[in-house]
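Here is a short briefing on one protein model.

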Amino acid sequence: MNFFSRRAFLALACAALADGTEPIIDIHQHTNYHGRSDDQLVAHQHTMGISKSVLLPAGSKYGLAAGCGGNDTVVKLAKEHPGMFVFFANELPDIPAAKPVIEKYLNAGAIGIGEQKFHVECDSPAMCLIADIAKHFDVPVLMHFQYQTYNLGFERFHKMLEKYPTVNFIGHAQTWWANIDKNCQQAVLYPKGPVTPGGITDRLLSDYPNMYGDLSAGSGLNAFLRDEDNARDFLKRHQDKLLFGSDCEDTAGAGPKCIGSQQIATVRRLAPDPAAVRKMLYGNASRLLKIT
Ligand SMILES: [Zn+2]
Ligand SMILES: [Zn+2]
C-alpha cells in the first residue's frame, strides 16, 4: 500500500469505527448448532455486528459433534440471505464419497473445505485427498485439531504444509491454540497461565506462508486471556495470518454467553493498532477467501 492509499484506508477505517459500521467477517459459524434455528443464527450474527459469515457444514455423519447441519443446509441459508453468508463444502475425508461430494459443492459455489473435524491422522492419505481437492480448486482447508480425537499428529502437520505449498490451511480448536505455548502439555486442552512463545502453532504461523489461524471458540479466547502480555506480542507478530471466527452456539450474540463478541472485544483491546484490528476482523479473511 502506498502512502496515499494507506492514508485513505486509515481515514475510511476511522470513519467506520466512529459510526460503528466497520465490516467484520466471521469465518466460522454453523447451521443447526445444537439445535439453534436459522432465524436465531441470523439474529445472532446481526447482534454480534457481522457483515458476512462463512457457514461450515458437517459431513454426512457426526454433525461435527454438535448437531450441525450438512452441505444442503448451508447452501439453502446462503441462498435465502444473499450477501450475508458464504459457505464451505465438507465430507468425511476417509470415505469414497469424499471427493465427489466435496467437488459437487465446490462447483456449486463453496469457497473452502471444512470444518474438517474427523478422527484421522492429519497427514494421512485421506487428508492428502482433501489437500489435493483444495489445490485443484484453489480454496483453503479449515481444520479442527484436537489431541487424540480429531486430526491426530499435530506435531507432524508441517509435513503437509511443505507437501502442499499452494494450499492454505486454517488451524482451529483446542490443540491448535494450546500449542502457542512451547511448554504445552498435549493432554491439557484448555491450559491456563503464562505462555512461553515458540510452541508448534507459533512456529507454523511464522515459518509457513500457507498456515493461517482461526480465532474462534473458547480455545481461541482462552489462548489470549490466559496470558495477555503474550497475546499482545502474538497478535502483533501474526497480525497478517489471523482470521476472526466466532464458532459460538448461543442465541444472544452479545454478553457473557457469546464467545464471538468477547473475542472481537479482546482483539480490539490487545491488537497493536487499528490497522491490525482491521486485518484480523476483516482484511485477512477478505484476501484469503476472496470475499468483498
Ligand atoms: Zn466449528
Ligand atoms: Zn455468540
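Buried residues account for 56% of the 292 residues in this protein. The model is predicted. Its secondary structure consists of 12 helices and 8 strands.

**Overall form**
- The radius of gyration is 18 Å, which agrees with the value near 19 Å that a compact globule of 292 residues would have.
- Along the principal axes, the C-alpha atoms fill a box of roughly 50 × 45 × 40 Å.
- Of the contacts between residues at least 6 apart in sequence, 75% join residues at least 24 apart.

**Surface and charge**
- The accessible surface is about 12300 Å².
- Carbon and sulfur atoms contribute 56% of that surface.
- The protein has 29 positive and 30 negative charges. Their mean positions are 3 Å apart.

**Cis peptide bond**
- The bond from Gly 114 to Glu 115 is cis, with omega near 5°.
- Glu 115 belongs to strand β4, residues 113-116.

**Positive phi outside glycine**
- Ala 65 has a positive phi, near 60°. This residue sits in the loop between β2 (52-55) and α3 (71-80). Ala 65 counts as exposed because its relative accessibility is 51%, and the cut-off is over 50%.
- Asn 151 also has a positive phi, near 50°. Its loop runs between β5 (141-144) and α6 (157-163). Asn 151 counts as buried because its relative accessibility is 2%, and buried means under 20%.

Key
Residues are numbered from 1 along each chain as its sequence is written. Chains are lettered from A and ligands numbered from 1 in the order in which they are written. This is a predicted model: local features need pLDDT of at least 70, side-chain atom pairs count only at pLDDT 80 or more; totals for chains, interfaces and linings use all residues. Side-chain values use heavy atoms; hydrogens and water are left out. Helices (H or I, at least four residues) and strands (E, at least two) are DSSP runs, numbered from the N terminus. The radius of gyration is taken over C-alpha atoms; the globule rule is 2.2 Å times the number of residues to the power 0.38. Buried means under 20% relative accessible area, exposed over 50%, partly exposed in between (1.4 Å probe, protein chains only). Contact means heavy atoms within 4.5 Å. Accessible areas come from the Shrake-Rupley method with a 1.4 Å probe; for residues, only the protein chains shown count as cover. Lys and Arg count as positive and Asp and Glu as negative; His and the chain ends are not counted. The place of a charge is taken as NZ of Lys, CZ of Arg, CG of Asp or CD of Glu.
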